[in-house]
Amino acid sequence: MSASEAAQAPEAYQTARGQRIEALAVLLIVVAVLVVARLLVPDPSGYGTHEQLLIIPCAFHWITGLPCPMCGMTTAFALMARGQVLPALQANVLGPPLYLATWLLVVHALVALLRGGAGIPEWLRGAGGARGMLVLVGAGWFLNVALRLLGC
């Protein structure tokens, strides 16, 4: 289809096409995350696995001795990719639920790609989704810090 034909295409076609492109992008990204999680070797300390991706060590953890909100997340994903749920929970309590949510996002994006529709679920879009994620990450961080301080 030429550019002039695309400009004359109905708005619904343009919207559906844009949604399929979004769904494909989401699908590629989340599948890449899951593949990388499986390829990484989980660090036995419970965090630091991200350094295999040439990402620097966590400055927050280095300065405070406490985990940042994402400390242990890469390790948790790598452990979940191997079916090791308890060690993944110990690495980061949000790791297992977010790993499972990533698989659900694969299914959602695949359905959206095939049927048409947004690649990111509606409940996750916008300010409400951002606030929900912020509360979830904050609660997870609080729990991770509490567990580390308690020696768990």
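Predicted model: local features only at pLDDT ≥ 70, side-chain atom pairs only at ≥ 80, totals over all residues.
Helix α7 covers residues 126-149, which makes 24 residues. Just after α7 comes Gly151, whose phi is positive, at about 80°.

Helix α4 takes in residues 73-80 and is mostly covered, with 7 of its 8 residues buried. The buried residues of α4 are Met73, Thr75, Ala76, Phe77, Ala78, Leu79 and Met80.

Two leucines sit in loops on either side of α3, which runs over residues 59-64. Leu54 is in the loop between α2 (11-39) and α3, while Leu66 is in the loop between α3 and α4. Their accessibilities are set out below.

| Residue | Relative accessible area | Class |
|---|---|---|
| Leu54 | 80% | exposed |
| Leu66 | 26% | partly exposed |

Leu54, at 80%, is exposed because its value is over 50%. Leu54 also has a positive phi of about 65°, although Leu54 is not a glycine. Most residues other than glycine have a negative phi.

Apart from neighbours within four places in sequence, Leu66 is in contact with Phe60, His61, Val145 and Leu149. The C-alpha atom of Leu66 is separated by 24 Å from that of Gln84, 18 residues apart along the chain.

Notes:
Residues numbered from 1 in each chain as written. Heavy atoms only, no water. Helix = DSSP H or I, 4+ residues; strand = E, 2+ residues; numbered from the N terminus. Expected span 1.5 Å × (residues − 1). Buried < 20%, exposed > 50% of the residue type's maximum accessible area, 1.4 Å probe, protein only. Contact = heavy atoms within 4.5 Å.
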